[in-house]
Amino acid sequence: MTARQLTDRLGGLAFGGDYNPEQWGPEVWKEDDELMRLARVNLATVGVFSWALLEPEEGRYDFDWLDGHLDRLHAAGVAVDLATPTASPPPWFTLAHPDAMPVTPEGTRLTHGSRDTYCVAAPAYRRAARRIAGALAERYGDHPALALWHVHNEYVTLCHCDHAAAAFRVWLRARHGSLDALNEAWGTAFWSQHYTSWEQVLPPRATQWHQNPGLLVDFRRFWSDETLAAYREQRDAIRAHSDRPVTTNLMLPGYQNLDLWAFGREVDLVTVNHYPSEPGVAAAADTAFAADRARSFAGGAPWLLMEQGTNTVYAKGRVLAKEPGDILRHSLGHVARGSEGALFFQWRQSRAGAEQWHSAMVPHAGPDSRTFREVTALGEAVAGLAELAGSTVLARAAVLHDSDAWWATDVQGLPSSELDYLGPLQRAHRVLWDAGVTADFAHPEHDLSRYRLVLAPALVLLSDAGAANLRRYVEGGGTLLVQHAAGAVDERMHSHLGGYPAAPLREALGIRVEEYRPLREHEQIVLSDGTRATVWSESLRTEGAETLATYLHGMLAGSPALTRHRFGAGQAWYLSTRLDDTGYADLAARLLAESGVGPELPGLPDGVEAVTRHAADGRRWHVLINHRAEAVPLPEPANDLLTGARASELAPGGCAVLRAH
């Protein structure tokens with residue numbers, strides 16, 4: 001099952017969004033049919049939050065209303081992405097199975113009244129989820145409207161209940177084999193935590209002070225595996241009755257409860273939701289960050305943007321409106337980087353409920369509105385990009401991304417509270433985006449040989465296999481930048497002895513870190529090359545590497561801050577502090593020049609985003625987005641698929657999709 005099967009079914013790229021007709025009546029449905037035709041909608045996600053209507057009481061289903069809507073959509077030429085509604089169990093489920101409600105680390109059991117109120121490890125929940133998934137598939141598995149199955153919605157909920165504890169112990173037995181191995185892995189000799197029976201092992205619940213780091217990271221690994229098992233159960237229940245592709249929409253926010261590499265291997269088509277948290281150019285950069293992650297989790301294959309906000313930017317407790325043209329710019333930002341379409345949450349803005357202020361393709365103001373006019377224009381644009389279907393994006397630079405490393409920075413007791421994961425990950429991607437370079441994300445244990453440049457911004461945890469792989473990458477000719485605190489611990493959360501980072505990587509870097517020296521809050525230091533740094537510093541010595549910049553700070557004055565080591569056919573750089581934005585951009589520019597990685601489309605000024613999609617037959621398309629307030633001439637005039645005319649410049653805030661020679 002591939003993305004191409006979906007686009008073949010649709011006759012081009014997907015356009016549409018979540019459709020919740022149960023919130024409305026026949027007059028609105030009639031208008032929906034007309035407006036969807038006007039907007040060129042060809043795919044609607046149906047049933048995401050419909051469990052209470054589909055199964056009004058346990059074991060009794062009411063599909064008649066859904067029959068009518070699927071038939072109506074099919075008659076209107078709109079294909080259906082049919083969801084299983086398991087992200088939001090109905091109130092009757094709470095009363096029937098109170099033990100299946102999630103429990104917080106503090107021991108508070110939650111109840112219905114919102115969404116995501118379930119424990120994915122609870123047997124009653126898993127049975128109910130399999131049951132309704134199978135019932136839907138049996139009824140609609142070969143429905144002519146059906147193009148895609150959509151399991152659940154945004155698997156994110158954590159739970160610390162007794163069901164989770166029992167499942168955690170089963171997982172730990174499989175991972176560690178024995179209590180002796182578990183005690184060794186978690187270092188339970190410290191603080192008298194030695195376990196003498198499996199029943200003593202609990203999820204990370206509220207404690208007096210810091211919790212065991214090994215337990216914390218293992219619980220996150222377990223929860224990801226348990227969630228993936230729940231997804232597989234629904235997927236397999238569907239596959240028993242249907243041959244259509246199956247997916248689940250992955251959420252890409254500032255938290256990471258799942259190993260998204262693992263989910264990418266299990267779904268037929270990677271689909272993601274994305275909502276920027278800042279307006280303006282920052283939203284464009286975040287769009288690229290999310291889209292590059294999605295493509296990478298898909299193994300470089302085409303993927304699909306399942307949700308975005310039509311006119312919504314969630315920023316620091318506010319629901320901000322997008323600027324005119326952002327609907328097109330954000331959607332094209334995803335399409336440029338491999339998405340096989342642009343879908344939204346949702347089609348029609350709810351007039352009641354918890355998300356009534358979440359924007360939609362048809363806003364409260366109705367079709368006579370700026371938002372719907374931009375939606376209609378976007379529908380025309382997406383329809384005109386059908387020839388891009390199935391094409392891919394090629395990157396020559398990568399940023400390393402490891403869920404274990406993310407979870408390791410979430411533990412308590414690290415040397416600095418500013419030692420985070422998402423910020424450095426976004427910053428490394430942003431510095432490449434600003435330079436006009438398209439980047440993949442890659443796991444430290446992946447084959448990295450196709451990349452000329454690899455940035456490793458936040459690898460506090462680095463497995464032995466990952467360290468050896470990075471050593472091979474450099475030795476084989478790659479250019480690697482490793483940043484501070486890398487390889488502080490191994491996959492068991494054990495500190496490396498004899499110096500940081502892990503030995504194979506230390507050899508490639510040609511350095512040995514002896515001591516971490518976090519900086520005080522708001523402290524700023526200056527390096528010998530004039531760059532400024534914050535947050536962190538390290539006492540290190542070179543063992544073959546050349547020193548490019550030194551500290552001018554306290555006891556570290558004169559000691560290396562930035563090093564480079566020519567190792568094998570490649571070179572490994574080490575940055576032992578956090579440079580300010582200007583210094584980091586200058587360093588990235590130097591790395592790009594030395595590794596031979598340049599902008600996607602040379603000749604464009606800063607602020608013009610350019611990404612190339614490649615077809616298997618050699619055809620190419622340049623997707624351009626102008627984030628500047630003035631027009632920009634193109635390096636060479638070309639035919640623009642968005643207008644059907646020859647383009648010689650990009651208007652302020654304008655976009656173009658150019659066929660390449």
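Phe 190, Trp 191 and Trp 209 form a nonpolar patch on the surface, with about 420 Å² of accessible area together. The model is predicted. Its salt bridges come to a count of 50.

**Surface patch**
- Phe 190 belongs to the nonpolar patch with Trp 191 and Trp 209.
- Phe 190 lies in the loop between helix 8 (179-186) and helix 9 (213-239).
- Phe 190 counts as exposed because its relative accessibility is 55%, and exposed means over 50%.

**Arg 427 and Asp 581**
- A salt bridge joins Arg 427 to Asp 581, with the closest N and O atoms 3.2 Å apart.
- This pair links distant parts of the chain: Arg 427 sits in helix 15 (residues 422-434) and Asp 581 in helix 18 (residues 581-595), 154 residues apart.
- Arg 427 has 15% relative accessibility, so Arg 427 counts as buried.
- Asp 581 is exposed, because its relative accessible area is 58%.

**Glu 507 and Arg 471**
- Glu 507 and Arg 471 meet through their side chains in a salt bridge (3.1 Å, N to O).
- Here too, distant parts of the chain are linked: Glu 507 is in helix 17 (residues 503-509), Arg 471 in helix 16 (residues 464-475), 36 residues apart.
- Glu 507 counts as partly exposed, at 42% relative accessibility.

**Arg 541 and Glu 543**
- The side chains of Arg 541 and Glu 543 form a salt bridge (3.5 Å, N to O).
- Arg 541 is partly exposed, with a relative accessible area of 40%.
- Glu 543 is partly exposed, with a relative accessible area of 41%.

**A salt-bridge network**

Methods. Residues are numbered from 1 along each chain as its sequence is written. This is a predicted model: local features need pLDDT of at least 70, side-chain atom pairs count only at pLDDT 80 or more; totals for chains, interfaces and linings use all residues. Side-chain values use heavy atoms; hydrogens and water are left out. Patches are made of residues with over 30% relative accessible area and no salt bridge: like charges are joined within 9 Å, nonpolar side chains (Val, Leu, Ile, Met, Phe, Trp, Tyr) within 5 Å. Accessible areas come from the Shrake-Rupley method with a 1.4 Å probe; for residues, only the protein chains shown count as cover. A salt bridge is a side-chain nitrogen of Lys or Arg within 4 Å of a carboxyl oxygen of Asp or Glu. Helices (H or I, at least four residues) and strands (E, at least two) are DSSP runs, numbered from the N terminus. Buried means under 20% relative accessible area, exposed over 50%, partly exposed in between (1.4 Å probe, protein chains only).
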